[in-house]
Amino acid sequence: MSDRVSDFLHEAVSVPHLGAEPKDWLALLKPRVVSLVVFTGAIGLAIAPGHLNPLLAAIAVFCIALGAGAAGAINMWYDRDIDAIMRRTTSRPIPAGKIEAGGALGFGIVLAVISVLLLAMATNLCAAGVLAFSIFYYAVIYTMWLKRRTPQNIVIGGAAGAFPPVIGWASVTGHVGLLPAMLFLIVFFWTPPHFWSLSLYASTDYEKAGVPMLPVVKGARHTRWNVFIYALLLFPLALSPWFLGLVGPIYGATACVLGVVFLYFAWGVLRDKQDAKGVSLTKDQPARVAFKFSILYLFLLFTAIAVDRLV
Amino acid sequence: MVAAQDREDYEKDRMPRVEIAESHWSDEQKAEFLRRRRARNFLLLAALGGFCLIIYVIAMVKLHEYGRMW
């Protein structure tokens, strides 16, 4: 452990350790991330053909949330050293000295096992298997393997966040179809412009922690181009379920409008006033707007697909 | 001495010791520690109860709807 981290942690525990509160354990589950996962998972479940008892459907969504939270807890356990360095994450329960690292890991593993077992009991082995794989993907492939090794970390790691609609769909049907696969790809291609917009104005944090995010390794200008290119790729991809006749015009029109707006904001990120190195002279205002809109984009796109299928 | 022990604990990935009898906490801090521990215990109890309830609900629904669990 580096001296800086050690000093920080020592300062953190110099205050009396009164034990964790329930909200600290809840914070380990990354509730904000879980809320988006629950939403996309619930949409996957709602649009799937077939019938699932509403109580079992509610339990399935709960299991998706629990599994995502468990993966988040394991992520916080593994990343506790860099979380202590980055300003955005110093208040997380482990670096803040509220929860012991081993306790967080145990909490994550227990919740992961419970979520997979409960989902297998409530629905089927296919859904439980995809949930188990998604937890493994996020905790091991993304967090432990890719995150600190490659600037493409969030491109490949983004798949972890793309599984929930597939799990929701599989909970009802017992298999994975074309539409959930398309939703998977949409979330997969949405993740890079979403995260790289954030990393453009949080890159100092990542640099301090030694995480090779794209702006740190390749520079801001390269990242801006990547945000735009991925937004460009996302546009036809988001429309493809409509082209393939899997959804109707409500979704098609919404995806078209949202895609144009997202491209407009991504273009803003690309054309932001910048110095010779591509560093923003506007405090990355366009990137901040693009990041916020990307969340709204996914929310509205999934709402549209649900409305289209259910109406 | 206590700070040194804390540092050693942290470097070995352990939390500092929290034995109330040995600490020099104020009465308020001890009361707060007990309150948090009680809250955690109640949460654990609720979680275990919820877990049992969910398994019961799954069993009832599946047996009623499909006549089998698996």
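Let's start with A:Leu244 and what it touches. Not counting residues up to four places away in sequence, A:Leu244 touches A:Leu178 and A:Met182. Contact here means heavy atoms within 4.5 Å. A:Leu244 sits in the loop between helix H13 (220-243) and H14 of chain A. Helices are DSSP runs of H or I, at least four residues long, numbered from the N terminus. A:Leu244 and A:Leu178 are 66 residues apart in sequence, yet 9.8 Å apart in space, C-alpha to C-alpha.

A word on the source. This is a predicted model, where local features need pLDDT of at least 70, side-chain atom pairs count only at pLDDT 80 or more, and totals for chains, interfaces and linings use all residues. Residues are numbered from 1 along each chain as its sequence is written, chains are lettered from A and ligands numbered from 1 in the order in which they are written, and side-chain values use heavy atoms, with hydrogens and water left out.

Next, helix H11 of chain A, residues 178-209. A:His194 lies in this helix. Is A:His194 buried or exposed? Buried, because its relative accessibility is 8%. The cut-offs: buried is under 20% relative accessible area, exposed is over 50%, partly exposed is in between, with a 1.4 Å probe and protein chains only. Beyond its neighbours within four places in sequence, A:His194 is in contact with A:Phe291, A:Ser294 and A:Ile295.

A:Ala181 is also found in H11 of chain A. With a relative accessible area of 30%, A:Ala181 is partly exposed. A:Ala181 and A:Ala162 are 19 residues apart in sequence and 9.3 Å apart in space, C-alpha to C-alpha.

Now two backbone angles. Most residues other than glycine have a negative phi. A:Lys30 has a positive phi, near 50°. A:Lys30 is in the loop between helix H2 (22-28) and helix H3 (31-47) of chain A. At a relative accessible area of 13%, A:Lys30 is buried. A:Asp284 has a positive phi too, near 55°. Its loop runs between helix H14 (249-270) and helix H15 (285-310) of chain A. A:Asp284 counts as buried, at 10% relative accessibility. What does A:Asp284 contact, leaving aside its neighbours within four places in sequence? A:Leu200, A:Tyr201, A:Arg224 and A:Asp272.

A:Phe228 is in helix H13 of chain A. A:Phe228 is buried, at 14% relative accessibility. Leaving aside neighbours within four places in sequence, A:Phe228 is in contact with A:Leu263, A:Ala266, A:Trp267 and A:Leu270. A:Phe228 and A:Ser197 are 31 residues apart in sequence and 9.9 Å apart in space, C-alpha to C-alpha.

On to H3(A). H3(A) has 17 residues. From first C-alpha to last it reaches 24 Å, close to the 24 Å expected at 1.5 Å a residue. That expected span is 1.5 Å times one less than the number of residues. Buried residues in H3(A) include A:Val34, A:Val37, A:Phe39 and A:Ile43. What do the buried residues of H3(A) pack against? Helix H4 (54-78), helix H10 (164-173), H11 and H15 of chain A.

First partner: helix H7 of chain A, residues 125-146. The axes of H4(A) and H7(A) come within 9 Å and cross at roughly 20°. Axes are lines fitted to C-alpha atoms, for helices over the stretch in contact, and angles run from 0 to 180 degrees between N-to-C directions. So H4(A) and H7(A) are roughly parallel to each other. Under 35 degrees counts as roughly parallel, over 145 as roughly antiparallel, 65 to 115 as roughly perpendicular, and the rest as oblique. The crossing of H4(A) and H7(A) is right-handed. Right-handed means that the near helix is turned clockwise from the far one by less than a right angle, left-handed anticlockwise. Among the residues that meet are A:Gly67, A:Ala71 and A:Trp77 in H4(A), and A:Ile135, A:Tyr138 and A:Tyr142 in H7(A).

The axes of H4(A) and H2(B) come within 10 Å and cross at roughly 140°. That makes H4(A) oblique to H2(B). On the chain A side, A:Leu55, A:Leu56, A:Ile59 and A:Phe62 make the contact. On the chain B side, B:Ile54, B:Val57, B:Ile58, B:Val61, B:Lys62 and B:Tyr66 do. The crossing of H4(A) and H2(B) is left-handed.

Terms used. Helices (H or I, at least four residues) and strands (E, at least two) are DSSP runs, numbered from the N terminus.
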